[in-house]
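Trainee: I would like to go through this model step by step. Can we start with the overall picture and then look at single elements?

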Amino acid sequence: MNDPYRAHAAFIRPAWPVRDIWRVMTMILLVELIFVLSPVGLVLLLPDAARDAYVAGTGALGTLLQLFSFGVAGLGLVGLLPILHGRGFWSLVGGRGAAWAKLTQVFWAVGLVLLLIELVPPAALVDDTVVMRDLGAWVLLLPVGLLALLVQVGTEEMFFRGYLQQQLACLSQSRWVWMVFPSVLFGVLHYANGYGPADGLIWAAWAALLGLACADLTARTGNLGAAIGLHLANNAFALLLYAVADWPASGLALFVYPYEDPAALDYSLATLLDPSVIVQALTLALWVAVMWLAARIAIKR
């Protein structure tokens, strides 16, 4: 029987020479520290207008700055890698040509599936409360928005499915260690995206499932391309098509829903047992499964 993860051995090989656990823990702490402190540095360095836009994060400039700011942590990771592990950037990615090919294949496949799902029925066209922004301006911003999203998702994938998955796979063959643990950690860090405990847990569970899908694709292909492609298509759909007015990272969306007070989503944990919330959670899980299957078809593995 063929091993679906046979390419994973070559992917983790660059991490084998230097795999001490203290180095991994140090990297996690330092990258997290850079991520936490980078907004402070940007606030101090940016001009007044750009700083205000960045802090608000509701306009196009602010959204772009927030997305590009993930690159600070990415640069920190790449800069610390040769110091702590004696290896470089491309060892995280798993091969330039193969990674780019898988990225484009999966991005277009998952993006097409998400677009087809959205068009049946076209929610933005049947909801008269939705405002469509200027199409020409949106098209002009689209390449920059995709580049900013690539920086965001690329940083996350390099750290969770690149660095952590490689280093932990060298410490243990158990998939609970190198696949599940980074995905759970990825989910936990998304808890803050929710408004209140129930919404936060739904965010965390969804992100953990997305992490598992990306980890699986990485192990199947031996590079980060497919994982980045899936993650990029998901985030492009979420941030470039739809947003709620004056919510964080809402500045690049084509269709905008009226403002809703986020406090309305601050549900108690008991709400998780509500049938409508259960259906919502299952729908999000199905959403991840559909994207994962589309990616699997695209990579033919």
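Trainee: How many helices and strands does the protein have?

Mentor: This is a predicted model, where local features need pLDDT of at least 70, side-chain atom pairs count only at pLDDT 80 or more, and totals for chains, interfaces and linings use all residues. Residues are numbered from 1 along each chain as its sequence is written, and side-chain values use heavy atoms, with hydrogens and water left out. Helices (H or I, at least four residues) and strands (E, at least two) are DSSP runs, numbered from the N terminus. The protein has 13 helices and three strands.

Trainee: What is the radius of gyration of the protein?

Mentor: The radius is taken over C-alpha atoms, and the globule rule is 2.2 Å times the number of residues to the power 0.38. For 301 residues that rule gives 19 Å. The protein is close to this, so it is as compact as a globular protein of that length: its radius of gyration is 19 Å.

Trainee: Where in H10 does the kink lie?

Mentor: The bend at a residue is the angle between axes fitted to the seven residues ending there and the seven starting there. In H10 the kink is about 30°. Proline 182 follows shortly after the site, phenylalanine 181.

Trainee: Which helices do the buried residues of H10 pack against?

Mentor: Start with the buried set: Trp178, Met179, Pro182, Ser183, Phe186 and Gly187. Contact means heavy atoms within 4.5 Å. The partners are helix H1 (8-12), H9, helix H11 (197-221) and helix H12 (225-241).

Trainee: And H4, what do its buried residues pack against?

Mentor: In helix H4 (residues 60-68), the buried residues are Gly62, Thr63, Leu64 and Leu67. They pack against helix H3 (48-56), helix H5 (70-85), H9 and H12.

Trainee: Is alanine 285 buried, exposed or partly exposed, and what is its relative accessible area?

Mentor: Alanine 285 sits in helix H13 (residues 275-299). Because its value falls between the buried and exposed cut-offs, alanine 285 is partly exposed, at 28%.

Conventions:
Buried < 20%, exposed > 50% of the residue type's maximum accessible area, 1.4 Å probe, protein only.
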